[in-house]
Amino acid sequence: MYGRKSKVAVLWSGGFDSTVMVYLLASKGYTVKPYHIFIRGGGGKDFREKQAIDEIWANLEGLYTKVEEPTHIRKVIKKCDDRNQKMIQIVRDEFKEEVIALGSYKEGSRFVKDNDKTYLSYVTGCKILTFDSFGVKNKQEIASLVKGLKLEESIKKAWSCQLWFKTPCGKCFSCKQRAQADGIIE
């Protein structure tokens with residue numbers, strides 16, 4: 001795909017999928033530079049994302065030396081449509097990253113266009129990697145990667161509820177997808 005010494009920027013939300021993507025790329029020999037964008041301007045959800053990212057990274061820093069310290073960027077992106085496109089453009093324009101990965105896959109996308117790597121590559125001018133790039137098609141397949149990546153404990157720090165309850169609501173899109181992984185990572 002790309003050379004083993006290639007650097008890949010990852011849009012890291014602190015959620016299940018983007019966390020697995022960060023460490024999947026590192027396990028494949030890529031140097032990974034994670035970016036977290038405070039898309040809501042730094043409120044409660046943004047803070048919980050940042051906290052999850054920082055805890056996961058600190059827990060795995062010695063194990064995955066190819067993962068650089070995450071960069072947190074404060075930008076406000078209010079509209080969900082084209083959110084990934086906007087975040088990719090920020091990372092491309094401000095940090096000059098050319099290869100950007102998303103923790104997404106077509107089968108599980110609420111915003112299909114915003115997770116289509118061909119479309120995103122075309123409109124942003126970046127090379128885009130998604131789980132589809134590695135033949136991973138659904139949440140169960142993502143969850144099956146956790147043990148091999150030694151993420152069993154760290155993935156528990158990843159958020160999964162879009163409504164941000166202390167315990168998952170079980171009703172939002174993310175909770176329903178996370179339920180697909182039950183039994184695989186528990």
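## Close-up views of a predicted model

**View 1. Helix α3 packs against helix α4 through N84, Q85, I88, Q89 and R92 on the α3 side and Y119, L120, V123 and T124 on the α4 side**. Contact here means that heavy atoms lie within 4.5 Å, and helices (DSSP runs of H or I, at least four residues) and strands (runs of E, at least two) are numbered from the N terminus. The residues of this contact divide into four nonpolar, four polar and one charged, where Asp, Glu, Lys and Arg count as charged, Ala, Val, Leu, Ile, Met, Phe, Trp, Tyr, Cys and Pro as nonpolar, and the others, Gly among them, as polar. The model is a prediction, in which local features need pLDDT of at least 70 and side-chain atom pairs count only at pLDDT 80 or more, while totals for chains, interfaces and linings use all residues. Residues are numbered from 1 along each chain as its sequence is written, and side-chain values use heavy atoms, with hydrogens and water left out.

**View 2. The axes of α3 (residues 83-95) and α4 (residues 117-124) come within 10 Å and cross at roughly 45°**. That angle makes α3 oblique to α4, because angles under 35 degrees count as roughly parallel, 65 to 115 as roughly perpendicular, over 145 as roughly antiparallel and the rest as oblique. Each axis is a line fitted to C-alpha atoms over the stretch in contact, and the angle, from 0 to 180 degrees, is taken between N-to-C directions.

**View 3. Both ends of α4 have a local feature to look for**. At the N-terminal end, D116 caps the helix, with a side-chain oxygen placed 2.9 Å from the backbone nitrogen of T118. Just after α4, the chain reaches G125, which takes a positive phi of about 80°.

View 4. With a relative accessible area of 4%, K139 is buried, where buried means under 20%, exposed over 50% and partly exposed in between (1.4 Å probe, protein chains only).

**View 5. T130 lies in the loop that runs between β5 (127-129) and α5**. Its relative accessibility is 0%, so T130 counts as buried. Once its neighbours within four places in sequence are left aside, T130 is in contact with M21, L102, S104, N115 and K117.

**View 6. K156 sits in the loop between α5 and α6**. Here the lysine K156 is exposed, with a relative accessible area of 54%, and its side chain makes a polar contact with the side chain of E153 at 3.1 Å. Although K156 and I56 are 100 residues apart along the chain, their C-alpha atoms are separated by 9.0 Å.

**View 7. C175 belongs to helix α6 (residues 173-180)**. C175 is buried, with a relative accessible area of 6%, and its C-alpha atom is separated by 5.9 Å from that of S160, a residue 15 positions away along the chain.

**View 8. The whole protein, for orientation, has six helices and five strands**. Along the sequence these elements follow the pattern β-α-β-α-β-α-β-α-β-α-α. Of the 186 residues, 47% are buried, and among contacts between residues at least 6 apart in sequence, 71% join residues at least 24 apart.

Key
Polar contact = N/O pair within 3.5 Å; in protein donor to acceptor, adjacent residues only side chain to side chain.
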